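Biologist: Hi! Could you walk me through this one? I'm new to reading structures.

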Amino acid sequence: MEVDLIVTNARVITMDAGRPFAQAVAVRAGRIAAVGGPEVAALAGARTRVVDAGGRTLLPGFVESHLHLVLGGAELVQLQIGGVMGFEALRDAFLGYAARNADRALLMAQGAAYEILGAPVTRHDLDRVIADRPIAMMAPDHHTVWANTVALEKAGLLHGAQMPHGHEVVMGPDGTATGELREFEAFGPVLALGGEAHLQLGIATGGEPEPWPDAATFAADLDKVAAGLAHCAAHGITTMVNMDGNRYTCALLAALEEQGRLTARVRVPFHMKPHMELSELERASAMTAEFDGDWVRSGFVKMFMDGVVDSRTAYMLQDYPGVPGHRADPLFEAKRFKEICTEIDRRGLQIAVHAIGDAAVRQTIDGYEAAGRANGLRDMRHRIEHIELIDRADVPRLGSLGITASVQPPHPPGVMDFPMSTMDHVFHKARWRDAYLWKTLKDHGAPVAYASDWPVTDVSVMRGIQAAVTRVPYEGAGDERLSLMETLHAYTAGGAWAGHWDDITGTLRVGMAADMVLLDGDIEVADPMAIGAMGIALTVAGGRVTHAKPEFS
């Protein structure tokens, strides 16, 4: 029986310990049919497509271990202001976007640096940009939004609003909102002005759209997700762990799969919020039972333990520099969090917790440890997302408990797009040695998975790889880079294992899904500082080409 596709003359890095390297891979019916050398060419038939890789690197398809697919897809048509600095540049960007989008109910910008105006942004600043239409801009971390006065008025926030713990409409001395909105529930009413509030529900409230979107809205949402998928395919991504979502997200993905438009495997969480009763976890179990295929899966619960360092909402063991007495607070009370973790674990579901500050990381580890004591340590692969600061006493606990460090090479300030100034503002100099400890965590036994957190940062895996292998140690800190092979593993087999996808993808061996990425060069001999500019020649998901450079199309 002839094969469908052969990639030959490649530098194949399989991530299979039994055969780490090869020269050719053959694909039949969406699966790997052969991995080997020149002999694989003999499998070709009259209808086989043969790709001569010309010595390029062929890898398992990239696994994006932490992104926000639906939000990222929707944001592709919004104003992008990453790198924009100063009032005039901001005004010009908004005015140009406004002129091109006369019918938009909300003019939304993405990527606004916290220091974009050199001082805290207010609604009055944005009123000077545009005063007669609702405008807003989102920080790169997606945890803060700034809005102008008319946007606040239309959203019902100008005079403040009651918010859940950890979410805040920042108020000024005059009793009105300053324009700064911290965390999802606070800026949700502004985003709703743009008609996309239902897409934020998974991360904002953990709820479902009510009423369920009509056919036209559902179709429009499918196109937004498809745009996000195409964007990811162009970067070699074939599998992803979507770190927000709900049953509606799963329904969108399932519909795309039915239509033949799903170009990556996606895992979607149930989002557990502090206000929820334990009984709500029945919804998580129901999602897991309903969505458990080769392309769309649930099976895990996502929680937020804290916020982010830039807005000083990350939960710390010590006061923030220059802010005596302020350490932020955890979003879950410690005893309650242990109860929740124990119940999730008892149900056989994986747990993923956003924890950035060292106090948040410790409380998360404590919760996983309590679940293990109650239910017995099993292969649950619970994970902590981000771990930007960790106390040294907690480092070995991840490895001993089998907790995955799900971390993002683009995130450390000064490494890719985030400014180095953040380190001075939010980390004590003596603690720089405890920040972004990828290698230290791995050396102490923690499995490591890499990701971008798109759209928080660029989804480009190649830029992420360059950031990971060229990162310069902070003053007083050790070298936290993994080797190139370890880095590639964290973006492929490591991510597949951490996301419970390793039964299908992450390695190139016979019987596994034909998920592959052909780089436009040989990454092993490339200048590390040029890796980010290396293109993606071909992306193959389930044996189907989902992206190709013109010469490979």
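Predicted model: local features only at pLDDT ≥ 70, side-chain atom pairs only at ≥ 80, totals over all residues.

Biologist: What is the phi of Ala-29 like?
Modeller: Phi is about 50° there, a positive value, although Ala-29 is not a glycine. Most residues other than glycine have a negative phi.

Biologist: Is Ala-29 buried or exposed?
Modeller: Ala-29 counts as exposed, because its relative accessibility is 66% and the cut-off for exposed is over 50%.

Biologist: And what about Asp-453, where is its place?
Modeller: Asp-453 sits in the loop between β23 and α15. Its phi is positive too, near 70°. Asp-453 is buried, with a relative accessible area of 7%.

Biologist: Which peptide bonds are cis?
Modeller: One of them runs from Glu-210 to Pro-211, with omega near 0°. Pro-211 lies in the loop between α6 (197-204) and α7. Another cis bond goes from Trp-454 to Pro-455, with omega near 5°. Pro-455 is found in the loop between β23 and α15 (461-470).

Biologist: Okay, on to helices. At roughly what angle do the axes of α7 and α8 cross?
Modeller: Helix α7 (residues 215-233) and helix α8 (residues 247-258) have axes that cross at roughly 75° and come within 10 Å. That angle makes α7 roughly perpendicular to α8.

Biologist: Which residues make the contact?
Modeller: From α7, they include Phe-218, Leu-222 and Val-225, and from α8, Tyr-248, Leu-252 and Leu-256 are among them. By class, the contact of α7 with α8 has eleven nonpolar residues, one polar and one charged.

Biologist: Now the sheet. What is the order of its six strands?
Modeller: The order is β17-β19-β20-β21-β22-β23, in an open sheet with parallel pairing. At the edges are β17 (270-271) and β23 (448-450), each of which pairs on one side only.

Biologist: Over how many bridges do β21 and β22 pair?
Modeller: Over three bridges, in the parallel sense, with β21 covering residues 383-386 and β22 covering residues 404-407. Glu-385 stands opposite Ser-406 in β22.

Biologist: Which helix packs on the sheet, touching β20 and β21?
Modeller: That is α11 (residues 358-375), and its direction makes about 165° with that of β20 (350-355).

Biologist: Switching to rings: how many aromatic pairs does the structure hold?
Modeller: The structure holds twelve aromatic pairs. One of them is formed by Phe-62 and Tyr-491, which are edge-to-face, with 6.4 Å centre to centre and 65° between the planes.

Biologist: Where do Phe-62 and Tyr-491 lie?
Modeller: Phe-62 lies in strand β8 (residues 62-67) and Tyr-491 in the loop between α16 (484-490) and α17 (493-498), so the pair ties together parts that are 429 residues apart in sequence. Both Phe-62 and Tyr-491 are buried.

Biologist: Which residues do ring pairs link into a cluster?
Modeller: Phe-62 and Tyr-491 belong to it, along with Trp-438 and Tyr-450.

How values were computed:
Residues numbered from 1 in each chain as written. Heavy atoms only, no water. Axes fitted to C-alpha atoms, helices over the stretch in contact; angles between N-to-C directions. Helix = DSSP H or I, 4+ residues; strand = E, 2+ residues; numbered from the N terminus. Parallel < 35°, antiparallel > 145°, perpendicular 65-115°, else oblique. Contact = heavy atoms within 4.5 Å. Nonpolar A, V, L, I, M, F, W, Y, C, P; charged D, E, K, R; others polar. Pairing = 2+ DSSP bridges. Buried < 20%, exposed > 50% of the residue type's maximum accessible area, 1.4 Å probe, protein only. Phe/Tyr/Trp six-rings, centres within 6.5 Å; stacked < 30°, edge-to-face > 60°.
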